[in-house]
Amino acid sequence: MTADVRTREQATKATGQGSRRLRRRYSLLNRRDKIVLATMVAIPTLIQLVLVWIPTVLSVLLSFVRWNGLAFSDIRPAGVSNYQYIFQTYPSFWPALQHNLLWLAFLAVVATPIGLLLAVLLDQNIRGSRIYQSIFFTPVMLSLVLIGVIWQLFYSQNNGLLNFLLGTSGTPQAVDWFGNPHLNIWAALIAATWRHAGYVMILYLAGLKGVDPSLREAAALDGANSVQLFFRVILPVMRPINIVIVVITIIESLRAFDIVYIINGGKNGLELISALVIQFLVGEAQVIGIGSALAVVLLVISLVPIIIYLSRTFKKES
Amino acid sequence: MSNENLSAFSHATGGTMTRRALVSGAVGLGTLAALAACTGTATGGATASKTLTFGSGSSDDVPKRAYAAVVDAFNKKSGDKVTTNTVAHNDFQNNINTYLQGSPDDVFTWFAGYRMRFYAAKDLVAPIDDVWKKIGGQFGAGLAGASTGDDGKKYFVPNYNYPWGFFYRKSVWQAKGYNVPTKFDDLVALAKQMKTDGLTPIAFADKDGWPAMGTFDYINMRTNGYKFHMDLTAHKESWDQKKVKDVFDNWKQLLPYQSPDALGLTWQEGAQALGAGKAGMYLLGSFVTQQFTDPAVLADIDFFPFPEIAVEGTDSVEAPIDGLMLTKKGGDNQAARDFLAFMGTAAGQEAYFSVDKSNLMTVKNADTSAYSDFNKKLAGVISNAKHISQFFDRDALPAMANNVMIPALQGFLKDGTVDTANLEAQAKALYAAQ
């Protein structure tokens, strides 16, 4: 009996050992793989830490000091004076904030719907659809310098296409698209739309290709007209894409920078917060404390949509 | 350095692209970059050696070759070896803080003005009074003053400069019978006459923001004097005072005669208006002549200094000076001091001018036989000046110039108003951070 039990114990032990040995033998990862995996996790984490978190924390800290950027001993505490400067003294800040909001509204109300419309039109299997897609997507790929040249050709006061078409080119009545502080923000927004619509179009085209054709058939059988079909069936099905588009639109309007920068460096009616950050942080005119404070303000503003987006995503998952 | 990195990268991506290859490639890249960075910092320049290093921000083709000619001439004369490190112009200017604090070259290209004095006060550059003992006799009072730091020592050797003033077409003025104004009131009257004659009296182009500073500088110097202008730009004077308001009040008399859409125009477009005879005159630096490619137009261009307003006549001229400075590290290197001294002689400046003819030499005894009559006239204006200002963005804190003054002046051009109390509040915050 006891011997019997013992042998049974031994047997189970043996099988246990056997299975452990087996597991080791058939493990998907060998030692080298594990090292590679660890490196691959460690490096992005390190990069994330070095390039994202440490600079973020540093700029928050720097926004509370005065520093000329020379020796560390020159750093002096400044309390909230940098923020005071931004909110109370600096005349460009509030216009910049308004322009960012206008930018967001314009992209959301005009540019994104245009992109959606283009996507729907190009999804109709019309001839040359690929060519049109490429044409509308080109602005997204162009470099800053090229965009500057292209829009200069359109808007230039003395020899621009628009003034030529209006018949005012070279006359005193020529419309000053870039210089007039009431007009130039709209000129810049049109240029931004030109880019943003192409971006949205590509994303929606991908989304439309992914819509199950049987849904369209079913809706058509139920007697839905094309408008109903689109708004009641297709758009709701593309919900994941819609969320991406909303996020992209918000982010694009917050980091909008390049177009105003090439027009006039983000001054004279084209102030945007990101352009102000660059003015204060990059180059000779650097004032580290104020630039960091502006960057922190931009960060806080950006956190609002990010937090809303994340909290919605997590709520759905739970 | 970039070559090594590139080859390492192509090695990692060229073969079969595995995760491991990529990881090891990335590690290799990092090591290589670190190694390259190490070798990059090891620049020469031991104490009292007969070699020196020269950091140049003159990266455009013509100035680059011009400085190479200076280096050659110096080498021929002294036998000292100069190693030149040229960096792209904007990068050089933007990274000067890190450059001067890291391991800079012995000698570097820079310009007179606020930042020159700022680095002198921060002890990042070496005084060169001994050099000035040798070369001082060849420079006028204006140039000598512009080369002096706040402590009264010399820190800078001028190479070349170019004046700002009014440019106009002789033929247009002759046809209409205009005379060069010497008083501000004459200038306003002339502008009024030009307007009735159907011209844009004063071409004005301020899309980029900086050209308007030239007008501010001149009106301020003519209204309140050179010293006040310098103290204001260094923020030793308050912006919120009557003297500053007076400047803008004077300017307001000219506003109706400036190009109406100035905020949408580049200085090149302003120059074209002048060249085409549509504008009567144009206040800009003498680089405006670069825009006149037609030799007939170029020969037709003349210059007059900004007319006098209240004080000091036309003693002050705005003429940004470019030249050389000695870093703290180069301060111990006698060869570097010799090189600076050479730049302050006729031989050095002629070597530079032999390649780059777009600017004026600053030493008195330079051979000006290659100058055109027009150049001679410009040079005369500078050498007769009692005071030389450097242009607002060089005389003031760069942040003040770019982030405060440009928007303020553009606002003034729009509606003729300036909030001097706000200017002072902003100046206080920005200068306090230095």
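## Basis of the model

Residues are numbered from 1 along each chain as its sequence is written, and chains are lettered from A and ligands numbered from 1 in the order in which they are written. Because this is a predicted model, local features need pLDDT of at least 70 and side-chain atom pairs count only at pLDDT 80 or more, while totals for chains, interfaces and linings use all residues.

## Chain A

Chain A contains 14 helices and two strands. Helices (H or I, at least four residues) and strands (E, at least two) are DSSP runs, numbered from the N terminus. The C-alpha trace of chain A spans about 115 × 75 × 35 Å along its principal axes. The radius of gyration of chain A is 29 Å, whereas a compact globule of 318 residues would have one near 20 Å. This radius is taken over C-alpha atoms, and the globule rule is 2.2 Å times the number of residues to the power 0.38.

Of the 318 residues in chain A, 29% are buried. A residue is buried if 20 or more other C-beta atoms lie within 10 Å of its own, exposed if 12 or fewer, and partly exposed in between, with C-beta atoms placed from the backbone.

## Chain B

Chain B has 21 helices and 12 strands. Buried residues are 47% of its 434 residues. Among contacts in chain B between residues at least 6 apart in sequence, 78% join residues at least 24 apart. Two residues are in contact if their C-beta atoms, placed from the backbone, lie within 7 Å.

## Where the chains meet

In the model, 32 residues of chain A are in contact with 32 residues of chain B. On the side of chain A that touches chain B, helix 2 (31–62), helix 3 (81–89) and helix 13 (273–281) of chain A each supply at least two residues. Helix 2 of chain A gives the most, with four residues. The residues on this side of chain A divide into 13 nonpolar, 15 polar and four charged. Here Ala, Val, Leu, Ile, Met, Phe, Trp, Tyr, Cys and Pro count as nonpolar, Asp, Glu, Lys and Arg as charged, and the others, Gly among them, as polar.

## The largest nonpolar core

The largest nonpolar core has 179 residues, of which Ala188(A), Leu294(A), Tyr282(B), Phe339(B) and Leu340(B) touch the most other members. Helix 8 (residues 184–209) of chain A provides the largest share of this core, 13 residues. Such a core is a set of buried Ala, Val, Leu, Ile, Met, Phe, Trp, Tyr and Cys residues joined through C-beta atoms within 7 Å.

Not counting residues up to four places away in sequence, Phe339(B) touches Leu52(B), Phe74(B), Val82(B) and Val107(B).

Most residues other than glycine have a negative phi. Asp123(B) has a positive phi, near 65 degrees, and lies in the loop between helix 6 (114–121) and helix 7 (129–135) of chain B. Asp123(B) is exposed, because 11 other C-beta atoms lie within 10 Å. Phe391(B) also has a positive phi, about 85 degrees, and sits in the loop between strand 12 (387–389) and helix 19 (392–395) of chain B. Phe391(B) is buried, because 22 other C-beta atoms lie within 10 Å.

Ser354(B) is in the loop between helix 17 (346–353) and strand 11 (360–361) of chain B. With 15 other C-beta atoms within 10 Å, Ser354(B) is partly exposed.
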